[in-house]
Amino acid sequence: QVQAVESGGGLVQAGGSLRLSCTASERTLSDSSMAWYRQAPGQEREFVAGINRHGGYTRYADSVKGRFAISRDNDMNTVFLQMNSLMPEDTAIYYCVQMSNTLNVRLGSWGRGTQVTVSS
């Protein structure tokens, strides 16, 4: 099981960009499908984007399509989430987690996440 550590969050104005990073001490992150989720205050945690182990398949929530891009660098054992055209409703804690090959089942446990705050 991969225990991921997220970084890169911060405060940004609407329309701005951030890039989140997800890494782990275990090399198995590079062999795993991974996903980003987010949880806003008072709301359920929701899927944002996922990527398969080789990076050839990605999936996005409708709310972020065209604005966010998930990618990975397996040599760096890192998964990224590039977030552009940020909106206040993107404000949330963002989590990176290990997934099944189909991106349908969460395999890893939740980490501490990284806070993203978008001001209007």
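Begin with the aromatic rings: a search of the whole structure finds three aromatic pairs. Rings of Phe, Tyr and Trp (its six-membered ring) pair if their centres lie within 6.5 Å, with planes under 30 degrees apart counted as stacked, over 60 as edge-to-face and the rest as tilted. The model is predicted: local features need pLDDT of at least 70, side-chain atom pairs count only at pLDDT 80 or more, and totals for chains, interfaces and linings use all residues. Residues are numbered from 1 along each chain as its sequence is written, and side-chain values use heavy atoms, with hydrogens and water left out.

Select Y37 and F47. Their pair is edge-to-face, at 5.6 Å centre to centre and 85° between the planes. Y37 belongs to strand β4 (residues 33-39) and F47 to strand β5 (residues 46-51), so the pair ties together parts 10 residues apart in sequence. Strands here are DSSP runs (E, at least two residues), numbered from the N terminus.

W110 sits in the loop between β9 (92-99) and β10 (114-119), so its pair with Y37 in β4 ties together parts 73 residues apart in sequence. Y37 is buried, at 15% relative accessible area, whereas W110 is partly exposed at 27%; buried means under 20%, exposed over 50%, and partly exposed in between (1.4 Å probe, protein chains only).

Finally, display the whole chain. The protein has 10 strands, and its C-alpha trace spans about 40 × 25 × 25 Å along the principal axes. Buried residues make up 45% of the 120 residues.

Key. Helix = DSSP H or I, 4+ residues; strand = E, 2+ residues; numbered from the N terminus.
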